[in-house]
Amino acid sequence: FFLALFYLFTDTSVISCLVTATFTLVYGCLCAKSIDAAVSSNQNASNSRLSLTHSALLSDQMLGTSQHSTLPLTAVILFPIFASIMLLILFFFLDTFAPLLHLFSSLAAAYALLFVLLPPVEYITAKARRSLSSFASTRPNSPRVFHTELVITGVLVASIMITWLFTAHWLLNDLIGIALCVVFICLVRLPNLKVAVVLLCGLFIYDIFWVFFSSKIFGNNVMLEVATQQSTNPVSILAQKLNLPISPIKLLPLPAKLMFPSIAGDGSVRGFTMLGLGDIVVPGIFLAFVLRYEVGQGRVLLMKPFLSSLFVRAVCGYVVALVISFVFNALFEAAQPALLYLVPGIVAPVVVSAVMRGELAILWTQTPCSPRSPHNSTPLNSSDSQDLAV
């Protein structure tokens with residue numbers, strides 16, 4: 001055990017994976033919080049951390065707090081079954097559906113990158129515009145060409161996608177994976193703790209079955225095969241048929257995981273540390289729900305004491321559980337179902353804290369409101385200030 005723990009903290013690929021997964025999860029939750037704040041206040045996104053052009057990427061149903069953007073209980077119950085069917089299709093027919101899958105994943109990746117990269121591009125261009133305005137006669141708020149930032153971001157996204165299709169570099173794969181995770185965490189919402197627990201329990205069983213028991217039925221570890229399998233790059237096929245003077249990479253993995261190279265002592269790559277995007281998205285959706293609940297209750301994220309926040313406790317549980325999954329992966333030298341550790345790691349701190357504070361009934365059945373206002377929130381009990389220290 002201690003040797004595995006030592007290996008964990010000396011392997012830069014494991015540390016990079018752990019840090020990147022945690023950052024992606026927290027950033028996605030904060031983006032979801034910003035979207036809720038912009039919608040609930042009925043203000044332009046430019047008055048919050050979202051931009052006007054950023055909000056244009058989201059439809060009214062995506063932005064709304066109505067039932068259109070939340071997962072109903074029936075869909076949550078059926079989701080592991082649907083995911084199992086899709087997993088089997090990819091296991092048996094990946095090469096057959098490869099062109100369609102790559103087309104869909106490329107479109108989704110481009111949208112996700114646009115969603116994630118647009119805010120920093122707008123921030124940089126806004127600062128540059130203000131700097132230039134101090135040397136010019138125009139005012140900072142003078143009329144300008146609309147969607148300039150969107151065009152710049154579009155060019156950046158196109159460059160990333162083209163480079164990825166030609167090289168399949170792991171850094172670009174990770175960048176696309178991070179963007180996809182953030183978008184899913186922002187757009188998929190859980191209505192209450194009951195639905196969240198049903199979803200997490202279903203995917204808990206799903207992950208364990210397909211990692212530990214699928215080889216006894218199908219002869220191979222279905223989850224691992226699908227996660228690591230590569231299919232023919234459609235750009236390579238197109239280049240060959242049209243005799244184009246380009247040489248894209250022939251095999252292209254689907255952007256369904258984060259991967260970091262493990263460097264040996266001689267500088268060579270001895271393998272990759274991988275983490276499925278679902279191991280970020282599923283906990284992220286749950287943590288976004290917890291964060292919405294706390295914001296709806298009028299609690300600030302960085303409250304004192306720091307660990308009194310349900311969200312912070314759940315994030316800490318996620319980190320500890322992910323470390324444990326990496327330790328067991330090193331101990332048994334075999335792939336581990338990360339949700340086996342992540343689901344208890346994030347649910348237990350929230351449920352135990354909610355029980356101690358007497359808030360479990362509210363979490364279990366009620367949809368958390370958006371940022372607290374006099375019209376859409378339930379007042380905290382007078383003892384809440386003391387209970388938060390529990």
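## Two helices in contact

In this predicted model, Asp279, Pro283, Phe286, Leu287, Val290 and Glu294 in H11 meet Leu339, Leu342, Ile346, Val347, Val350 and Arg357 in H13, where contact means heavy atoms within 4.5 Å. By class, this contact of H11 with H13 has nine nonpolar, no polar and three charged residues; Ala, Val, Leu, Ile, Met, Phe, Trp, Tyr, Cys and Pro count as nonpolar, Asp, Glu, Lys and Arg as charged, and the others, Gly among them, as polar.

Helix H11 covers residues 278–296 and helix H13 residues 339–357, helices being DSSP runs of H or I with at least four residues, numbered from the N terminus.

## Aromatic pairs

Rings of Phe, Tyr and Trp (its six-membered ring) pair if their centres lie within 6.5 Å, and planes under 30 degrees apart count as stacked, over 60 as edge-to-face and the rest as tilted. By this rule the count comes to 13 aromatic pairs. The ring centres of Phe23 and Tyr27 are 5.8 Å apart with planes at 15°, so this pair is stacked. Both residues lie in helix H2 (residues 12–40), four residues apart, about one turn of the helix.

Phe328 and Phe332 also form a stacked pair, 5.9 Å centre to centre with 15° between the planes.

## How the model is read

Residues are numbered from 1 along each chain as its sequence is written. Because the model is predicted, local features need pLDDT of at least 70 and side-chain atom pairs count only at pLDDT 80 or more, while totals for chains, interfaces and linings use all residues, and side-chain values use heavy atoms, with hydrogens and water left out.

Definitions and conventions:
Axes are lines fitted to C-alpha atoms, for helices over the stretch in contact, and angles run from 0 to 180 degrees between N-to-C directions.
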